Amino acid sequence: MTLLKTQYGRRSFLKTTAVAGGGMMLGFSWLTGCQTRPIKEVMEMPKEWFEINSYLKIGENGVATIISPNPEFGQNVRTSMPMLIAEELDLDWEKVLVEQAPYHPSNFGMQFTGGSRGIMSRWEPLRMVGASARQMLMAAAAQTWNVSIQEITTEKGILYHESTGLSAEYGEMASIAAEMPVPEEVVLKDVNEFNLIGTSQKNVDGPKIVTGQPMFGLDYKKEGMKIAMIEHPPAFGMTLKSFDASEVKKMPGIKDVVLIKSYKDGFEKGGFDTNAFPEVVAIVGNSTWEVMQAKNKLKVEWKQFDTYSEITKGFRGNTSSKTVPSGLESTTEHKLQIDLLASKPGRIVRKDGNPEANFKSASKIIERSYSAPFLAHNCMEPINSFAHFNGDNVHLATPLQIPAFIIPTLAASLEIPEENIHMDITRMGGGFGRKAYASYVVEAALISKKVNEPIKLIYSREDDMTNGIYRPMYQATYRAAINDKNELIAFHVKAGGIPESPLFANRFPAGAIDNYLAEDWSINSNISIGAFRAPRSNFMAGAEQSFLDEVAEELGKDPIQFRLDLLKKAEENPVGKRNDYDAKRYAGVLDLVREKSNWNEDNSNLKRGVSAYFCHSTYAAHVLDVEIENGNPVVQKVSCAIDCGIVVNPDAAKNMAEGAIIDGIGNAMFGEMTFKNGTPEKNNFHDYRMIRMSEAPKEIDVHFVKNEINPTGMGEPPFPPIFGALANAMYKANGERYYEQPFLKNREIKG
Amino acid sequence: MAIFNLKINGKKHQIDVDNSTPLLWVLRDHLGLVGTKYGCGIAQCGACTVHLNNKAIRSCIVPISSIGDQSVVTIEGLSEDGNHPVQKAWLEHDVAQCGYCQTGQIMNASAFLKENPNPNDEEIEGAMNGNICRCGTYTRIKSAIKTAAENS
């Protein structure tokens, strides 16, 4: 048992919160419509709710509502986070309803979806919420029955007192429990006491999803609401010169056309205020189609901007200046710039031993270069936000990952205090990092303020795909030195990109090789970039794991055994002190995937590749089997091993791994955004290739390492290594190495 | 603007819109049937799939003027209370991640199963290739379609 003080998040336990009673946002019936019913049972709704704390209401009939704090974009936290509360509370999961919390950090802590940190950061706090509520129910029963609280036990929503034979459902004690003091300390269960955590529970939103009920930002509707769309510059490097809306304003259904300037002059941007197009023209009208027609007719002139600097604020309050270069950039030119920088020495980030001397004395050097293009997120739900500016306050309903990051910007741009900003968090139709950069909320709020109406801003697919926040363009060159005893004696990685380097200098194989050098470089750009599922790792893993495959082959070693040998060295006798991985757990996923894929059996008929990676606190390894059929690679099977510690909801975690594998294979084969004179060359799904069902693996087999380590994330870690597994398997299938993403671009696949 | 009489999910509706308005936006903006999703507007992603006379169509490119008296079924009208075999199979396999594309997937799959009640894997892939899922739920969609076929 773990005894914990409840001070952490104590404010969250305040019982008299508006939100718990559905109070603060009660005026918006759309939100209460976001309540979700479990699948199996149609429950009798309680006549009365009793607020136990800001996360929990219990009805007189024992039905409980748990408020899920974090934004949901498909990672299924709206199921797994309430499970953490229900576990410690010993609730009957069949009697749990889930509601989405609005943005309210003093009640709900850091409401954040990103970095695969959700479950990791909520693991203890949410269990404490459940444990303290349980304690309050037990105190209520002890008082009612006049017995000692120590003698009371709970199971599936029922309180028991063994010696007297008394029992009561939670609902019967809820009204008294709501008046009980919040306990000073609580005891959390040991892993072996879990009843709910570790069992597969279906997505609580499943029934709403399959019946098409409104949940997403794009579905939000309010009486009198207008539709708004924006016109942004057609190219990076351009800004607004002028526009003529006289014709458009006469078109049917069009209410107004307004200039939107997202930031006040001198505003210091935060790290997630990235926005290449701070000045846009907004068209507001009665319906989406009418606004789309007007948008096509709008006359706008654009001009190139001059190089400028902007001040950005860091998380610690530090500020830095960033230069945004002028010019209209093109992919062909980017490639030349990359080739040039990649051929020069980079900035040394880590050096162990004497790599230069060892490369000089090597009997063989392997050198390979890898590259990957910009990528667009292409969330299936295009960017959107509802906003209603009303005098001195604003109500927003928005699909976004990190509300806290945009609140200061909204306050500054709208010139209202932060406490006058009320935000409902809608379900997101995908996020993948894109919806962490919520400049669209600022646009929506400013449009509402200007036209003095509630509006919903919608980006067309074309607007969404050409608006920036791309995964950067990357390049990495790896070198390995081998001596005359056929030993790997030195390793060198030099990686860079536009506009940032993807290098992780302290990740494997750093720590496993005596002589090691890591360098980086970068090229500035005016194309805006942002986090994209496993930032930087999503390129480095594929490059590194493809290179290690070639080194293993050169050394005549089995690729899994080769990695395990390096990891053994890193575990027993690590080089350097700043190695960002646990070599034993890293080896653990390779061992597990070796076993589950029957790697050591006779597989001479299989064209298979292996890859493993550690990022976002979770270890993942894949073995991928491919066949070339009619010139197309067909992934027959992916075997996957994950170590994310305790698995809260196994089927949901498996779903995340499957999704990451399919998404990764799609991006590896097809994903690419290119530019010509600053203009994105792809703007919709007819030219931006996404993976389709027939290209997905025929079978995915996911396994988890069993341990009792606190859980870590699943959103990102299985994604990066699949790029390498695919490349290594394709090599086995047709003898060709894949150095340049997308793998299937302009390339005939031999088979 | 013109008046159109539509039959949607068995109910009659009269709406007054420009005759070029795609069915998608009539459903979403004018009738509040938001289960049909906007994904691309050019019939490339399948998120807007509905049934027109029992056939799956992309409502984002079908102008309202071409509907006439044909019957339209959207996800909201696929079953009384979510008990269509395809919807049930979707829940059984816990298909959804973000869920945005799933109504389109379900409408496409249900029309397909009507035409081909016992499809093999290749036929399922052929029928479903027009529906994009960025979350990568394809393997579970395929399993759910097989389950729905067995239970229909």
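My notes below go from the chain contact to the domains, the core, a sheet and some backbone details.

**Chain contact**

I noted at the start that this is a predicted model. Then I looked up where the two chains meet. Chain B brings 45 residues to the contact, and chain A brings 49 residues. I asked which elements of chain B give two or more residues to the side that touches chain A. I found α1 (23-30), α2 (85-92), α3 (102-115), α4 (121-128) and α5 (138-151) of chain B. Of these, α5(B) gives the most, with four residues. I also sorted this side of chain B by residue class. It has 22 nonpolar, 16 polar and seven charged residues.

**Domains of chain A**

Next I turned to the domain assignment of chain A. It gives domain 1 (2-199), domain 2 (219-309 + 377-465) and domain 3 (536-734). I looked up how domain 1 meets domain 3. Here 16 residues of domain 1 of chain A are in contact with 19 residues of domain 3 of chain A. On the domain 1 side, α2 (77-89) and α4 (118-145) of chain A each supply at least two residues. I counted classes again for this side of domain 1. The tally is seven nonpolar, eight polar and one charged.

**The core**

Then I went to the largest nonpolar core. It holds 275 residues. Which of its residues touch the most other members? They are Ala445(A) and Val589(A). The helix α4(A) gives the most to this core, with 12 residues. I listed the contacts of Val589(A), leaving out residues up to four places away in sequence. Among them are Ala612(A), Tyr619(A), Ala620(A), Ala621(A) and Val705(A). Asp643(A) is also on the list.

**A five-stranded sheet**

I moved on to a sheet in chain A. Its five strands run in the order β17-β25-β24-β23-β18. The sheet is open, and its pairing is mixed. I reminded myself that strands of a sheet pair through backbone hydrogen bonds, either parallel or antiparallel. Neighbouring strands are turned by 10° against each other on average, direction ignored.

I followed one pair in detail. β18(A) pairs with β23 (residues 473-482) of chain A in the antiparallel sense, over nine bridges. At one of these places, Ser369(A) has Thr477(A) in β23(A) as its bridge partner.

**Backbone details**

I looked for cis peptide bonds next. The bond from Ile498(A) to Pro499(A) is cis, with omega near 0°. The bond from Phe508(A) to Pro509(A) is cis too, with omega near 5°. Where does Pro499(A) lie? I found Pro499(A) in the loop between β24 (488-498) and β25 (515-522) of chain A. Pro509(A) is found in the loop between β24 and β25 of chain A as well.

Ile469(A) has a phi of about 60°. Ile469(A) lies in the loop between α13 (461-465) and β23 of chain A. Is Ile469(A) buried or exposed? Ile469(A) counts as buried because it has 24 C-beta neighbours inside 10 Å, and the cut-off for buried is 20 or more.

Ala534(A) also has a positive phi, near 60°. Its place is in the loop between β25 and α14 (537-555) of chain A. Ala534(A) has 27 C-beta neighbours inside 10 Å, so Ala534(A) counts as buried.

Methods. Residues are numbered from 1 along each chain as its sequence is written. Chains are lettered from A and ligands numbered from 1 in the order in which they are written. This is a predicted model: local features need pLDDT of at least 70, side-chain atom pairs count only at pLDDT 80 or more; totals for chains, interfaces and linings use all residues. Two residues are in contact if their C-beta atoms, placed from the backbone, lie within 7 Å. Ala, Val, Leu, Ile, Met, Phe, Trp, Tyr, Cys and Pro count as nonpolar, Asp, Glu, Lys and Arg as charged, and the others, Gly among them, as polar. Domain bounds come from an automatic or database domain assignment. A nonpolar core is a set of buried Ala, Val, Leu, Ile, Met, Phe, Trp, Tyr and Cys residues joined through C-beta atoms within 7 Å. A residue is buried if 20 or more other C-beta atoms lie within 10 Å of its own, exposed if 12 or fewer, and partly exposed in between; C-beta atoms are placed from the backbone. Two strands pair if DSSP finds at least two bridges between them. Axes are lines fitted to C-alpha atoms, for helices over the stretch in contact, and angles run from 0 to 180 degrees between N-to-C directions.
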